[in-house]
Amino acid sequence: MNRSNVFMASLLSLSFSPVMASELSANFGATSDYRWRGQSLNAGDPALQAGINADFSNGLFLGAWASNLDYGGDESVETDFWLGYSNSLSADIDYSVSVISYQYPGSHDVAGFEELLLGLSGFGVDVSYYFTDDMSGLGDISHYISINYSYQIMEEYSIDLHAGRNWGNYWSNWDIGAYTDMSVGLSTRVMGIDLSLAYLFNDINTEMKVDSGVFRNDNHLLFSVNKSFDFTL
């Protein structure tokens, strides 16, 4: 049984365990482009996305998320599944440890893989570190660390800042090398709907810049709309 199947089996076993979720949330949204770590995974086109997450009273959480995408092959959908644990270090600082499985149903061109995610958050700052030794199913190492900060400037408006760093032999083998992606955005909520506008940019070297089509990675003004639903069980 490969690692993806083992991970899915663990999700199924937890979903049928006697521990009941105390909180359940779902979200549906659309975005002007599916940008992942500074690069388009939908050839620069808009994407529809949806997800669901369950939090358990013992600190465990699991969830799933899906989006349409375009890598230029036979893939059309990405589905992500995660399983993790979160707790508090203090009244102001939380941490989490989780595993994310990225899958591409029906595709023969794109292989699924898993990442370890370590998270730390407090005082409006979220720091996340991602690691895999099998990026895109190729057996290559990839590291990614991101720092996000949100500052409320008015009752319904926030300034959102992001910086992330990619490195590892996966990126070196692809000739793109290590790079940093960043964004500055503004978000708000109108009639229960989350709206955000963000300017995305990166320091990918000029010869590897792609300004249209598959894996577009030029600067981009990203608009997203999202509706969330929270349930207490």
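Two strands pair if DSSP finds at least two bridges between them.

Before the details, the ground rules. This is a predicted model, where local features need pLDDT of at least 70 and side-chain atom pairs count only at pLDDT 80 or more, while totals for chains, interfaces and linings use all residues. Residues are numbered from 1 along each chain as its sequence is written, and side-chain values use heavy atoms, with hydrogens and water left out.

Strands, then. S12 and S13 make a hairpin with two residues between them, and in that turn Met 191 has a positive phi of about 55°. Their pairing is antiparallel and runs over ten bridges. One of the positions is Asp 181, whose bridge partner in S13 is Asn 202. Strand S12, residues 179-190, is also joined to strand S11, residues 157-167, by ten bridges, again antiparallel. Across from Ala 163 stands Met 182 of S12.

Next, the aromatic rings. Rings of Phe, Tyr and Trp (the six-membered ring for Trp) pair if their centres lie within 6.5 Å; planes under 30 degrees apart are stacked, over 60 edge-to-face, the rest tilted. The whole structure has 15 aromatic pairs. Tyr 71 with Phe 215 is a tilted one, 5.2 Å centre to centre and 40° between the planes. Tyr 71 sits in the loop between S5 and strand S6 (77-88), Phe 215 in the loop between strand S13 (193-202) and strand S14 (220-232), so the pair ties together parts 144 residues apart in sequence.

Is Tyr 71 buried or exposed? Buried means under 20% relative accessible area, exposed over 50%, partly exposed in between, with a 1.4 Å probe and protein chains only. Tyr 71 has 19% relative accessibility, so Tyr 71 counts as buried. Phe 215, at 24%, counts as partly exposed.

Last, Tyr 102. Contact here means heavy atoms within 4.5 Å. Leaving aside neighbours within four places in sequence, Tyr 102 is in contact with residues including Trp 36, Arg 37, Phe 113 and Tyr 130.

Terms used
Helices (H or I, at least four residues) and strands (E, at least two) are DSSP runs, numbered from the N terminus.
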